[in-house]
Amino acid sequence: MTRKACDGAGLLAAYRAAVENLEAHVDEVNGLNVFPVPDGDTGSNMLATVRAALDEGQRVSGQPADRIAGAISYGALMGARGNSGVITSQIFRGMAEGLGGKRRFNGLDLAHALTIGTQTAYGAVVKPVEGTILTVIREASAAAVTAAELDSDLETVLAAIVDAAGKAVARTPSLLPILREAGVVDAGGQGLYRLFQGALLHMLGRAPAGAVGSRQRGGAAVSALVAHADQGFGYETMFLVQPSGSDLLDLDAIRTHLESIGESVLVAGDGRGVKVHVHSERPDEVIEFGLSLGNLSRISVENLDNQARDVREQRAAEFTGGAGSEAKAAQPRTGGVAPARIDGDGAQPLPRVPLAVVAVAAGDGLARIFESFGVASVVRGGQSDNPSTGELAAAVESVAADEVLILPNNPNVVLAARQVAGVTGSAVHVVPTRNAAEGVAALLALDPSAGADANAAAMTDAGRSLRTMQVTEAVRDAKIGGHKVKKGQTIVLGPDDGLIAADSDRQKAVLEALATLPGSFELLTLYYGDGSDLAEAEGVSRRITDARPGLQVDLVHGGQPYYRYLISVE
């Protein structure tokens with residue numbers, strides 16, 4: 001079952017499952033907690049962090065997704081323990097920022113949130129080291145973006161995240177020699193993988209994965225551990241500091257000073273509250289510095305030398321052997337229904353059906369959308385690349401249907417589509433959709449039990465009821481509808497190419513265009529195409545929701561050429 005969107009309740013349920021899965025594997029992660037920084041049991045610290053976040057999330061149960069994400073972020077920051085716990089809290093903080101203003105979210109939103117989470121986590125670490133949890137979140141977020149632009153179904157995107165995280169964990173020893181020497185993978189990365197895995201298992205309707213057993217390792221790795229521990233790690237000092245007055249805390253200045261007196265420095269939060277983590281020989285100096293900044297709470301001081309000597313000889317032998325097994329149960333889909341065309345190379349013809357749809361699409365993303373709706377044949381083409389009557393006729397003949405509906409999705413294709421009826425043996429009806437957004441609306445009105453004639457009328461009405469606009473860039477100075485536009489300006493056009501707005505600021509042009517629409521609307525869909533990417537589209541989405549609080553904005557990767565954005569409102 002596809003899951004296109006997730007609300008606050010769904011986010012909280014998935015997060016709860018993620019915590020439960022980490023809890024089921026906490027001993028496994030603890031067994032990996034070795035140098036270079038043995039700052040307590042990594043699994044236990046991460047579990048304490050995500051439990052605190054879960055408690056906070058449950059306090060706002062029933063709220064929209066952005067409120068749940070914000071509560072999880074706050075709870076993780078306040079409850080962060082250990083190096084990996086603090087970094088995990090920063091991942092959540094970035095994700096909450098990425099989901100800001102969203103009552104619900106889709107796979108693209110999740111990918112963007114993970115990208116912001118990655119940036120926030122890296123920003124919290126003074127000297128980022130690859131082969132750690134940072135590598136895992138970076139590669140997982142990159143995989144999420146790639147998957148989401150192919151299919152924004154949440155299950156598909158999360159499967160890609162789990163698969164990439166598992167592979168990244170497996171590669172950590174090749175990036176960090178000290179892990180390779182000990183014969184283990186990174187503990188924080190493994191913990192993050194288990195969190196993602198738990199969320200995916202929840203979506204698949206399955207219980208947390210069984211913990212992997214451990215086995216004793218040979219003496220060489222243990223000797224390496226003990227030898228390294230003898231070098232000494234000093235003390236781990238952690239606290240939360242809040243300003244005592246009205247002035248905000250300077251995170252960069254705090255990092256700089258702590259770097260001068262300690263190592264493994266993490267400074268997370270904002271000017272109103274900062275979580276500090278540092279290793280040093282003089283915890284008293286660290287606490288004294290903290291007191292000079294403001295009020296301290298949640299103070300923790302641990303002797304790392306004692307912890308290093310107590311590291312267990314028992315190590316988990318195999319951690320990622322099952323990585324991706326859940327992902328295989330939800331592999332990213334590369335298309336929708338089976339193609340209806342016959343290749344002429346021996347493929348068997350498909351059985352004849354009463355009614356089929358042929359759609360024209362410009363861009364891989366739009367083509368996948370139409371395929372996901374069950375369109376029998378998608379003809380590539382659009383602006384400046386209009387398919388011919390012959391190409392449309394070939395598509396109609398290939399679907400082997402008694403009646404065929406054509407969605408031209410471009411005003412310049414409508415006439416060619418209407419000529420198809422005279423050159424094929426099928427009964428062809430044209431639904432004169434002017435863009436892909438109207439085509440999607442038309443498909444939502446399709447009644448498979450009705451004939452083509454009745455459907456054509458209903459689908460035309462559905463497409464025209466949608467308000468749409470397209471955003472592009474003027475390639476020369478011109479005059480459109482009595483208004484002058486300059487080369488390089490962003491112009492927003494209506495479905496019949498009338499000028500709605502023009503401005504040198506792209507986001508301002510979009511907002512001006514939306515302001516011209518009469519009445520109110522609840523949902524805006526933003527299809528981003530060539531010249532844009534997920535990060536930019538999220539920025540436009542944020543500006544829109546800031547200007548129109550309560551409006552739900554859904555992002556979709558269209559990949560359409562020439563038009564940076566195709567926008568529909570309803």
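**Close-up views of a predicted model**

View 1. Strand S9 comprises residues 353-361 and runs parallel to S10, the two being joined by four bridges. Six bridges link S9 to S11, again with parallel direction. Seven of the nine residues of S9 are buried, so the strand is largely enclosed by the rest of the structure.

**View 2. The open sheet of four strands.** The strands follow the order S10-S9-S11-S12 and pair in parallel. Strand S10 (377-380) and strand S12 (427-430) form the edges, each pairing on one side only. From one strand to the next, the twist averages 20°. Strands of a sheet pair through backbone hydrogen bonds, either parallel or antiparallel.

**View 3. Helices H16 and H17 and the strands of the sheet.** A right-handed β-α-β unit is made by S9, helix H16 (residues 364-372) and S10. Helix H17 (residues 389-398) lies across S9, S10, strand S11 (401-407) and S12. Relative to S10, helix H17 runs at about 165°.

**View 4. The loop residue Asn 435.** Asn 435 is located in the loop between S12 and helix H19 (436-444). Is this residue buried or exposed? Because its relative accessibility is 2%, Asn 435 counts as buried. Its side chain reaches the backbone nitrogen of Ala 437 at 3.2 Å. The side chain of Asn 435 also makes a polar contact with the side chain of Thr 468, at 3.0 Å. Leaving aside neighbours within four places in sequence, the residues in contact with Asn 435 are Asn 409, Asn 410, Thr 468, Gln 470, Pro 495 and Leu 566.

**View 5. Phe 196 and the nonpolar cores.** The largest nonpolar core has 96 residues, and Ile 161, Phe 196, Leu 524 and Ile 567 are those with the most contacts inside it. Helix H8 (residues 154-175) gives the most to this core, contributing nine residues. Not counting residues up to four places away in sequence, Phe 196 touches Leu 114, Ile 137, Ala 140, Leu 158, Ile 161, Val 162 and Ala 165. Another core, of 26 residues, lies apart from the largest one; among its members are Val 378, Val 431, Leu 443 and Val 556.

How values were computed. Residues are numbered from 1 along each chain as its sequence is written. This is a predicted model: local features need pLDDT of at least 70, side-chain atom pairs count only at pLDDT 80 or more; totals for chains, interfaces and linings use all residues. Side-chain values use heavy atoms; hydrogens and water are left out. Two strands pair if DSSP finds at least two bridges between them. Axes are lines fitted to C-alpha atoms, for helices over the stretch in contact, and angles run from 0 to 180 degrees between N-to-C directions. Contact means heavy atoms within 4.5 Å. A nonpolar core is a set of buried Ala, Val, Leu, Ile, Met, Phe, Trp, Tyr and Cys residues joined through side-chain atoms within 4.5 Å. Buried means under 20% relative accessible area, exposed over 50%, partly exposed in between (1.4 Å probe, protein chains only). A polar contact is a pair of N or O atoms within 3.5 Å; within protein, one must be able to donate a hydrogen and the other to accept it, and residues adjacent in sequence count only if both atoms are side-chain atoms. A crossover is right-handed if, with the strands pointing away from the viewer, the path from the first strand over the helix to the second runs clockwise.
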